[in-house]
Amino acid sequence: MHTTKRPGQFARSFLSLTLGLGLALTTSISQAQNKVQNYPDRTVKMVVPLTTGSGADIAGRVVAKSLSETWKQSVIIDNRPGAGGLIGTGVVVNAEPDGYTLLVQSASYAANPAIYKKLPYDPLKSLIDVAILGQTPYVMITAADGPYQSIRDLVIAAKSKPGEITFASAGVGSSTHLAAEYFNQIMGIKLIHVPYKGSPEAIQDTMSGRTAFYMAPLDTAIGQLKGGKVRPLGVTSKTRNAAVPDIPSVAEQGYPNFEIGLWFGVWAPAGTPPAIVTKINQSVNQSMQDPEVKTAYENKGIKATPMSPAEFSKFVREEITKYQKIAKEAAIEPQ
């Protein structure tokens, strides 16, 4: 027997459905808010797409330890080197955008768009600029028993033997590569690029004299400098660095137009909730006040320069433009 629902029954059914959907939506929103409020409630992984002992690795480990104490959760470093940092960066790009997989990279993040024709991600859209970890100069190092005593010695030799003298880098497209190309441009010389897997390998071969110099991140080379294993030619900041006050800047040696620095930052996958991005940024900036971080940074020659996510985003874009200009003037063909 066929029965027909009365208008009242329709109204009650519709009301029940509406209430059910509303309750489900409210529950979903509440759960999402709790995830943000409780972040982090498990281990956070920081992927470093460079070798252990690289500048970003050193800064990342110092800050990760402080964050672990602040958040009461483990913050671990996961090194995924290779392909100029693209492998490790890709891991983060494809990770769940929940704040539990982050990228810690150096200025190479801004240099890569100038080196590669097509990146497997969009540096302006695939990741969110979260926080800067700090800045440090490069220190130009050469073999302790090598022929170069100063920047002037190197420049004179390069001009007398164009295309013969080599320089090491931490990889094609790395910031150490483009920083040395910038040195070429300012000095009006042509040095030959020899890429390595990372900073430790580049330092080792420069120590042995296989390459004339390496534009080393100060924090990665400071141990060899203090041990007398390499000879410093100059730091790339305008003035001397407090961690190595005896090393003159390149600028003060008669080349006032030369200045370039290295920096390290944190990124999150696109789609990460803004509240989590803000929390990570604030926690990273807060870690700069941690006495252990301050001491570690001072010993390594790293300067804390806290920024908001918006300020860091603006900074990253300016750096991308700078490296594109350097690569273009160096006639580097994107790979």
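The questions and answers below look at a few helices and strands in a predicted model.

The model is predicted, so local features need pLDDT of at least 70 and side-chain atom pairs count only at pLDDT 80 or more, while totals for chains, interfaces and linings use all residues. Residues are numbered from 1 along each chain as its sequence is written, and side-chain values use heavy atoms, with hydrogens and water left out.

Me: At roughly what angle do the axes of helix α2 and helix α9 cross?
Reply: Helices here are DSSP runs of H or I with at least four residues, and strands are runs of E with at least two, numbered from the N terminus. Axes are lines fitted to C-alpha atoms, for helices over the stretch in contact, and angles run from 0 to 180 degrees between N-to-C directions. The axes of α2 (residues 55-71) and α9 (residues 274-287) come within 9 Å, and they cross at roughly 110°.

Me: Which residues of α9 make the contact with α2?
Reply: Contact means heavy atoms within 4.5 Å. On the α2 side the contact is made by V63, S66, L67, T70 and W71, and on the α9 side by K279, I280, S283, V284, Q286 and S287.

Me: Is strand β7 largely enclosed by the rest of the structure or exposed, and how many of its residues are buried?
Reply: A residue is buried under 20% relative accessible area, exposed over 50% and partly exposed in between, with a 1.4 Å probe and protein chains only. F213, M215 and P217 point one way from β7, whereas Y214 and A216 point the other way, and all are buried. Strand β7 (residues 213-217) is therefore largely enclosed by the rest of the structure, the buried residues being five of the five.

Me: Which residue in β7 is the bridge partner of A168?
Reply: Two strands pair if DSSP finds at least two bridges between them. Strand β4 (residues 127-143) pairs with β7 in the antiparallel sense over four bridges, and there V139 stands opposite A216. Strand β5 (residues 166-169) runs parallel to β7 and is joined to it by two bridges. In β7, the bridge partner of A168 is Y214.

Me: What relative accessibility does T101 have, given that it counts as buried?
Reply: T101 lies in strand β3 (residues 101-106). Leaving aside residues up to four places away in sequence, T101 touches K45, V47, V92, A95 and P269. T101 counts as buried because its relative accessibility is 13%.
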